[in-house]
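Hi there,

Here is the structure I promised to pass on to you. Please open it beside this email, and follow along as I go through what turned up.

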Amino acid sequence: MAIVSILAVVLFSFVLSIVEIPKMLKQKLYKELVIFCLFLMFGTVLTVLKSLDVKVPIPSDLIAWIYSPLAEVMKSITK
């Protein structure tokens with residue numbers, strides 16, 4: 001079943017690219033084109049990984065890990 005969802009995501013990304021990229025090139029929106037391609041690739045890769053049941057880290061976990069020492073200091077100060 002994972003292969004079906006992966007194919008659907010890749011097909012959707014391909015169709016979206018076929019529709020949007022020529023418009024951006026015609027309007028000479030090169031910066032937007034680069035950002036569009038980066039976000040589309042990032043989203044496609046994340047979706048494929050989720051379809052394969054790969055554990056993708058959540059950005060908030062990284063932020064919590066970075067600030068956890070500060071939280072301990074704040075707890076000790078407020079006691």
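Helices α1 and α2 are roughly antiparallel to each other. That follows from their axes, which cross at roughly 175°, because any angle over 145 degrees counts as roughly antiparallel. Helix α1 covers residues 2–26, helix α2 covers residues 30–51, and their axes come within 10 Å. Please keep in mind throughout that this is a predicted model.

Which residues make the contact between the two helices? From α1 they are A2, S5, I6, V9, S13, L16, S17, E20, I21, M24 and L25. The α2 side brings Y30, E32, L33, F36, C37, L40, T44, T47, V48 and S51.

Is S17 buried or exposed? Its relative accessibility is 18%, so S17 counts as buried, the cut-off for buried being under 20%. Setting aside neighbours within four places in sequence, S17 touches P22 and L40.

You can also see the pairing of the helices in a distance. I3, another residue of helix α1, is 48 residues away from S51 along the chain, yet their C-alpha atoms are separated by 8.1 Å. I3 itself counts as exposed, because its relative accessibility is 56% and the limit for exposed is over 50%.

Now for the charged side chains. How many salt bridges does the structure hold? There is one, and it joins E20 to K23, with the closest N and O atoms 3.9 Å apart. Both residues belong to helix α1 and are three residues apart, about one turn of the helix. E20 is partly exposed, with a relative accessible area of 24%, and K23 is also partly exposed, at 45% relative accessibility. E20 is one of the residues listed above in the contact with α2.

Next, have a look at the loops. K28 is in the loop between α1 and α2, and D53 is in the loop between α2 and α3. What is the phi of K28? It is positive, about 60°, although K28 is not a glycine. D53 likewise is not a glycine and has a positive phi of about 60°.

Finally, the surface. A nonpolar patch of about 990 Å² is made by L62, I63, W65, I66, Y67, L70, V73, M74 and I77. One of these, V73, lies in helix α3, which spans residues 59–78. Is V73 buried, partly exposed or exposed? At 42% relative accessibility, V73 counts as partly exposed, because that class runs between the 20% and 50% limits.

Y67, another member of the patch, also makes a handy end point for a distance across the model. How far is Y67 from F39, C-alpha to C-alpha? The two are 27 Å apart in space, and 28 residues apart in sequence. F39 is part of helix α2 and counts as exposed, with 61% relative accessibility.

Happy exploring, and do write back with any questions!

Best wishes

Definitions and conventions: Residues are numbered from 1 along each chain as its sequence is written. This is a predicted model: local features need pLDDT of at least 70, side-chain atom pairs count only at pLDDT 80 or more; totals for chains, interfaces and linings use all residues. Side-chain values use heavy atoms; hydrogens and water are left out. Patches are made of residues with over 30% relative accessible area and no salt bridge: like charges are joined within 9 Å, nonpolar side chains (Val, Leu, Ile, Met, Phe, Trp, Tyr) within 5 Å. Accessible areas come from the Shrake-Rupley method with a 1.4 Å probe; for residues, only the protein chains shown count as cover. A salt bridge is a side-chain nitrogen of Lys or Arg within 4 Å of a carboxyl oxygen of Asp or Glu. Helices (H or I, at least four residues) and strands (E, at least two) are DSSP runs, numbered from the N terminus. Buried means under 20% relative accessible area, exposed over 50%, partly exposed in between (1.4 Å probe, protein chains only). Axes are lines fitted to C-alpha atoms, for helices over the stretch in contact, and angles run from 0 to 180 degrees between N-to-C directions. Angles under 35 degrees count as roughly parallel, over 145 as roughly antiparallel, 65 to 115 as roughly perpendicular and the rest as oblique. Contact means heavy atoms within 4.5 Å.
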